[in-house]
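Please have the sequence and the model on screen while I talk.

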Amino acid sequence: DFTFVGSTHGFGKGLASSGGILCTHPSVIESIVNHSRAFIFTTAPSPLAIVAARTAWHLSQMENDTRDHLFQLCKRLEQEVRSRGWFLSPRPLPTPIFPLLCGGIARAVQVSDRLGQNGIYLNPIRSPTVPQGTERLRVALSADLQQHDLDEFLKALDAN
C-alpha cells in the first residue's frame, strides 16, 4: 500500500532546460531510487541543465512585472477566445499554452493555413500526438508579446 505525498516539477518549457525534481519524503525517494525501473535506467541531468534551470528559476522569481504582464496576456486571450466560441481543452493549472480544439484535422489545417496567410504560423497538432478528432492548434504566449500582438492574432482568428 503506497500513497504518494509530494510534488514533481519539470524544468522543460517553463525553465528552458530539461529534467525535473521530485519533492517528497526521503523514504519515498529511497523507494524510487531502489525500485523504480524507469528511474534506475535514467541518466542524471547534465550540470549545464541544472545550472540553466537554477538560473531560470532565480530570474523568474525576480521578474514580477514580466510575470504579471504574461498573466494579463493569458487572461485576456482566454477570455477573448472563449467569447468567440472556441473550446480550449481543460487546463488544470494556469499556463501560457492554449490548445484551440478545432474539431478535426481538416478544420485544424484550414485554420492553420488562414492564420499563416496573416503571418501567424501555428502548425496543427495531429493524431497520434492527440486522439483522432481532437486535433488542435497550440498557441503559446510569451512575455515578449504586447496587447497589439493579441489584437492581430484575434483579428486573424476572427477571419476563420
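In this predicted model, if we set aside the neighbours within four places in sequence, arginine 136 is in contact with Ser89, Pro99, Leu100, Leu101, Cys102, Ala108, Asn123, Pro124, Ile125 and Val130. The residue belongs to strand β6, which covers residues 136-140.

Searching the whole structure gives 5 salt bridges, and I will go through some of them. Aspartate 151 forms one with arginine 76, with the closest N and O atoms 2.5 Å apart; this pair links distant parts of the chain, since aspartate 151 sits in helix α6 (residues 147-158) and arginine 76 in helix α4 (residues 64-83), 75 residues apart.

Arginine 84 meets glutamate 80 in a salt bridge at 2.6 Å, N to O, and glutamate 80 is partly exposed, at 24% relative accessibility. Arginine 84 also meets aspartate 158, here at 2.5 Å, N to O, and this pair again links distant parts of the chain, with aspartate 158 in helix α6 and arginine 84 in the loop between α4 and β3, 74 residues apart. Through shared partners, salt bridges join Arg76, Glu80, Arg84, Asp151 and Asp158 into one network.

Methods:
Residues are numbered from 1 along each chain as its sequence is written. This is a predicted model: local features need pLDDT of at least 70, side-chain atom pairs count only at pLDDT 80 or more; totals for chains, interfaces and linings use all residues. Side-chain values use heavy atoms; hydrogens and water are left out. Helices (H or I, at least four residues) and strands (E, at least two) are DSSP runs, numbered from the N terminus. Contact means heavy atoms within 4.5 Å. A salt bridge is a side-chain nitrogen of Lys or Arg within 4 Å of a carboxyl oxygen of Asp or Glu. Buried means under 20% relative accessible area, exposed over 50%, partly exposed in between (1.4 Å probe, protein chains only).
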